Amino acid sequence: MSTATPATAVQAADIITEGRSPGPAKPRKSRIRSAYPTWFFIPAIALYVIFFAIPTFSSFYFSLTRWSLFDSQFIGFANYVQFFQDPQLYTSFIHTFIYAFLTSAAKVVIGFLLALLLTGPVVGRGYLRAIVFFPVLLSTIGVGILWKSLLDPFHGMVNAVLGFFGLPQPGWFTDPNLALYSIAGVDIWKGVGIATLIFMAGIVAIPSEYFEAARIDGASSWQILRRITIPLSRGATATVIILSLIGGLRSFDIIWATTGGGPGFTSDVLASVIYKQYQAGFYGLSTAGNVILFLVVTAIMVPLSYVLNRKQVEL
């Protein structure tokens, strides 16, 4: 009968205690995090710095100067003082907010209703989806020119049809009381396709089990809409509100293509006032206006994004 020596017993006890198989001890490898994945961030960081960070900080600097293409002179906050003394500024601020909130609200409501229709069992659903999204693919300037021709008060097709039925023929872009709202209508027509697409994605992503369970429990269509579809589309709603509101606050091209801010200054928004100052050669003043527009959009969108995304619906 063999007996274990004290050294062998101690070694066996160490093996059992450490939970490892007998054998030569291997040196423990230190875990060093590889820097390889970090290299993939470099192109994105470079593009961000070149196309956003540098132009942004340059704009802040040049807004404090009187500059041309060849030289600049530092003048402090004189451009901002002059900009806020512009008599068009107050009116353009009001027009900007009216235009932004009107177009944003309409895109949310119309886009959601169209998404409900186009995700249901409607005949020709694919064709209707293409029709709704088609205006998004068109150039904004082209859309402005097209609707300027269609809504011409004397030779436009819309007024011709209205006159045929004996209805009033308003000056859509020439009436000071209608110009801004007519442009907003054109903007809604062009941009509602994006809102519809986002809402469709949000509705399709809702698990079908919720709808089936609600129908088994005897819920009506209105109850399903109010209790399931609308709450679970909160993320899509927040996205549409944010995107459409940002677009409305900084809208310029469709306004310039239709009325140029007229008649008079009745459809001028902040962006069109800035462009007119640039046209007049006040480059530092227009740069200060761009900084103000950037700060206004940021001041509205940051808290709004926080409020909209604070409470997420848990599936």
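Q: What covers the buried residues of α5?
A: The model is a predicted one. The cover over the buried residues of α5 includes α4 (87-118) and α8 (179-204).

Q: And which residues of α5 are buried?
A: They are Val132, Pro135 and Val136.

Q: Where does α5 bend?
A: The bend is at Ile131 and amounts to about 25°. A proline, Pro135, follows within four residues.

Q: How many residues does α5 have, and what does it reach from its first C-alpha to its last?
A: Helix α5 spans residues 125-137, which gives 13 residues. The reach is 19 Å, close to the 18 Å expected at 1.5 Å a residue.

Q: Let us turn to α8. Is Ile183 in that helix buried or exposed?
A: Ile183, which is placed in helix α8, counts as buried because its relative accessibility is 0%, and the cut-off for buried is under 20%.

Q: What does Ile183 touch?
A: Leaving aside residues up to four places away in sequence, Ile183 touches Tyr99, Phe173, Ile254, Ile255, Thr258, Thr259 and Ser267. Ser267 is 84 residues from Ile183 along the chain, and their C-alpha atoms are separated by 8.5 Å.

Q: Where does Asp268 lie?
A: Asp268 is in the loop between α12 (253-258) and α13 (270-279).

Q: Buried or exposed?
A: Asp268 counts as buried, because its relative accessibility is 2%.

Q: Which residues does Asp268 touch?
A: With residues up to four places away in sequence not counted, the contacts of Asp268 are Gln88, Thr91, Ser92, His95, Gly260, Gly261, Val273 and Lys276.

Q: Changing topic: how do the axes of α11 and α14 cross?
A: The axes of α11 (residues 234-249) and α14 (residues 283-310) cross at roughly 170° and come within 11 Å. The two helices are therefore roughly antiparallel.

Q: Which residues meet there?
A: From α11, Arg234, Ala238, Ile241, Ile242, Leu245, Ile246 and Leu249 take part. They meet Leu293, Val297, Ile300, Met301, Leu304, Ser305, Val307, Leu308 and Asn309 in α14.

Q: What is that contact by class?
A: The contact of α11 with α14 has 13 nonpolar residues, two polar and one charged.

Q: Finally, how many helices and strands does the protein have, and what share of its residues is buried?
A: There are 14 helices and two strands. Of the 315 residues, 33% count as buried. As for contacts between residues at least 6 apart in sequence, 66% join residues at least 24 apart.

Terms used. Residues numbered from 1 in each chain as written. Predicted model: local features only at pLDDT ≥ 70, side-chain atom pairs only at ≥ 80, totals over all residues. Heavy atoms only, no water. Buried < 20%, exposed > 50% of the residue type's maximum accessible area, 1.4 Å probe, protein only. Contact = heavy atoms within 4.5 Å. Expected span 1.5 Å × (residues − 1). Bend = angle between axes of the 7 residues up to and from the residue. Axes fitted to C-alpha atoms, helices over the stretch in contact; angles between N-to-C directions. Parallel < 35°, antiparallel > 145°, perpendicular 65-115°, else oblique. Nonpolar A, V, L, I, M, F, W, Y, C, P; charged D, E, K, R; others polar.
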